[in-house]
Amino acid sequence: MRKIPPLNAIRAFEAAARLVSFTKAGEELNVTHGAISRQVAILENYLGVILFRRTNAHLELTSAGKKLLDETSAALDRIAVAAMHVSNASNVELTVSAPPTFTLRWLIPRFSTFQRKHLDLKVRLVTSIEPVDFSSKEYDIAIRGAVRQPDAVNSHFFLTESILPVCHPDLLEKQPLKRPQDIARHTLLTYSTEPYRWADWRGAVGASDIAPLATINFEQMYFALQAAMEGLGIALVPYFLVIDDIAAGRLCTPFGSLGVQTRAYYANVDPGADDSAARNAFCNWLEEEGKATMALCDQQMDHDL
């Protein structure tokens, strides 16, 4: 028999840990700051460990809290995806295709805000990195990242993506990363779907002749990102996907914005499709969320500098 902690407490903890704020967690879950605090206390009593260090100035995760957040976030994301597929198995009105890691790390955590505004609209999420092809009739909207605005489709820009190196802060204590040449003492994490390769980054920063200590390749960005969070090496990933981890101190940007590659995310709609209130509503929501994310990224980058 599974011994599962109180699920309401888990949900409150995950939101508070991810947002590094009881107040923001309460806003996300539509409860008070005090309710979040009580649920976290329940979970701490259940587990017998302290999950947060609380000071007047800020909230900080303990080592136990960081470990629990990594596992609970992934578990809740999987539950959300499964529930979404089941609830939308019939009477689907809008199907959205998006890259897997983007869906897991950005789209799903924000999707509840869209649902609250459009309770009568059912959305089905599918994941893909294949070129947009509306002839298959498999989706109504295709979200893709691109250096230039796609041709032959109706594209709606909603988010700027800055791709740069990230790693666990502990790596800097073992082997400092003060200049690009220092990657010679580190492992680089790559993935088969990466839009910006380490060879391109090294060329952009004048370190083309520098070879890393080792390289580990993964199939998907999500696995490379998880490896970076475990301290296995340095990964090139979109800044907006790790903004919460940067703010919480689980990851850092050792070179700042040095060698950054910028792309854009677009919501692509079949130009031959009839005008749809559902598609328009979803694209407008993406634009709102994209602006909020870019503002948060700019704020965090200014803070780090």
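Author: What follows goes from the sheet as a whole to its strands, then to helices, a pocket and some loop residues.

The model is a predicted one, in which local features need pLDDT of at least 70 and side-chain atom pairs count only at pLDDT 80 or more, while totals for chains, interfaces and linings use all residues. Residues are numbered from 1 along each chain as its sequence is written, and side-chain values use heavy atoms, with hydrogens and water left out.

Helices (H or I, at least four residues) and strands (E, at least two) are DSSP runs, numbered from the N terminus, and two strands pair if DSSP finds at least two bridges between them. By these criteria, eight strands form an open sheet with mixed pairing, in the order β4-β3-β5-β10-β6-β9-β7-β8. Its edges are β4 (123–127) and β8 (214–218), each of which pairs on one side only. Direction ignored, neighbouring strands of this sheet are turned against each other by 25 degrees on average; axes here are lines fitted to C-alpha atoms, for helices over the stretch in contact, and angles run from 0 to 180 degrees between N-to-C directions.

Strands of a sheet pair through backbone hydrogen bonds, either parallel or antiparallel. Within this sheet, β10 pairs with β5 in the antiparallel sense over six bridges, and Ile141 stands opposite Val269 in β10. Nine bridges join β10 to β6, again with the two strands running antiparallel, and Glu161 stands opposite Arg263 in β10. Seven of the nine residues of β10 are buried, so this strand is largely enclosed by the rest of the structure; buried means under 20% relative accessible area, exposed over 50%, and partly exposed in between (1.4 Å probe, protein chains only). Strand β6 (residues 154–166) also pairs with β9 (residues 234–238), in the antiparallel sense over four bridges, and there Ile163 stands opposite Pro238 in β9.

Two helices pack on the sheet. Helix α5 (residues 100–117) touches β3 (94–98), β4, β5 (141–146), β6 and β10, and its direction makes about 170 degrees with that of β4. Helix α8 (residues 221–229) touches β6, β7 (187–191), β8 and β9, with a direction about 160 degrees from that of β7; contact means heavy atoms within 4.5 Å. The buried residues of α8 are Met221, Ala224, Leu225, Ala227, Ala228 and Met229, and the helix is followed by Gly231, whose phi is positive, near 80 degrees.

Ser97 is found in β3 and counts as buried because its relative accessibility is 1%. Leaving aside residues up to four places away in sequence, Ser97 touches Val126, Ser128, Tyr139, Ile141, Ala142, Ile143 and Arg144. Ser155, in β6, counts as buried at 12% relative accessibility, and its side chain is joined to that of Asn268 by a polar contact of 2.6 Å. A polar contact is a pair of N or O atoms within 3.5 Å; within protein, one must be able to donate a hydrogen and the other to accept it, and residues adjacent in sequence count only if both atoms are side-chain atoms. With the same exclusion of residues up to four places away in sequence, Ser155 touches Gln149, Pro150, Tyr266, Ala267 and Asn268.

Ser276 counts as buried at 17% relative accessibility, and its side chain reaches the backbone nitrogen of Ala278 at 3.2 Å.

Helix α10 gives the most to the lining of the second largest pocket, with eight residues. The other elements that give two or more residues to this lining are α1 (7–19), α2 (22–29), α5 and α9 (243–248).

Two loop residues remain. Most residues other than glycine have a negative phi. Val20, in the loop between α1 and α2, has a positive phi near 50 degrees and counts as partly exposed at 28% relative accessibility. Asn30, in the loop between α2 and α3 (33–47), has a positive phi of about 60 degrees although it is not a glycine, and Asn30 is exposed, with a relative accessible area of 56%.
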